[in-house]
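Please read the following report alongside the sequence and the coordinates.

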Amino acid sequence: MAHLIYVCDDDSHIVRAISMKLRKAGFEVECFPDGFACWEKVQVRAPQMIITDLQMPRMNGLELCGKIREFPETKTIPLTLLTGKGFEFDHDEYMETLKITNVMVKPFSPKKLLTQVQESLNLTNDVIG
């Protein structure tokens, strides 16, 4: 059974690039335009990992990560946070307090993101697409 990954970003081009790379590598992917829509789905079916943008409408990435860490059922889900180049915030503080697994600055390499996903899920190289 494929690992389920949620991709949450309000930029459809980024969502498409990430989801294509992950699906090609054998992952099941569901996409959401904002943190609120993703959070609603997490409560119904928790994924093995979440990749979320920082800046989004309704619920931003940090708020989503905070919600996920509040509940025992979801608190161990690996989280990758995507940020826009030039958008500064204290990565280390949030990585520690919200247990964010990875932070990637846009633009980023989909191949590098795939490698980070595999490492976060402790998968072997036989999944690389």
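## Basis and terms

Contact here means heavy atoms within 4.5 Å. The model is a predicted one, in which local features need pLDDT of at least 70 and side-chain atom pairs count only at pLDDT 80 or more, whereas totals for chains, interfaces and linings use all residues. Residues are numbered from 1 along each chain as its sequence is written, and side-chain values use heavy atoms, with hydrogens and water left out.

## The sheet

Five strands form an open sheet in the order β2-β1-β3-β4-β5, with parallel pairing; strands are DSSP runs of E of at least two residues, helices are runs of H or I of at least four, both numbered from the N terminus, and two strands pair if DSSP finds at least two bridges between them. Because β2 (28-32) and β5 (102-106) stand at the edges with a single partner strand each, one side of each is left without a neighbour in the sheet. From one strand to the next, the twist averages 20°.

Strand β1 (residues 4-8) pairs with β3 (residues 49-53) over four bridges, and Y6 stands opposite I50 in β3. With β2, β1 pairs in the parallel sense over five bridges, where V29 is the bridge partner of I5.

## Helices on the sheet

Helix α2 (residues 35-44) lies across β1, β2 and β3 and runs at about 160° to β1, the axes being lines fitted to C-alpha atoms (for helices over the stretch in contact) and the angles running from 0 to 180 degrees between N-to-C directions. Helix α3 (residues 61-70) also packs on the sheet, where it touches β1, β3 and β4 (79-84), and its direction makes about 155° with that of β3.

## Two cores

A nonpolar core is a set of buried Ala, Val, Leu, Ile, Met, Phe, Trp, Tyr and Cys residues joined through side-chain atoms within 4.5 Å. The largest has 21 residues, of which Y6, C38, I50, L64 and I68 touch the most other members, and β1, α2, α3 and β4 each supply at least two of its residues.

Leaving aside neighbours within four places in sequence, C38 is in contact with Y6, C8, F32, I50 and L64. A second, separate core of 18 residues includes V7, L22, V29 and L82.

Definitions and conventions
Buried means under 20% relative accessible area, exposed over 50%, partly exposed in between (1.4 Å probe, protein chains only).
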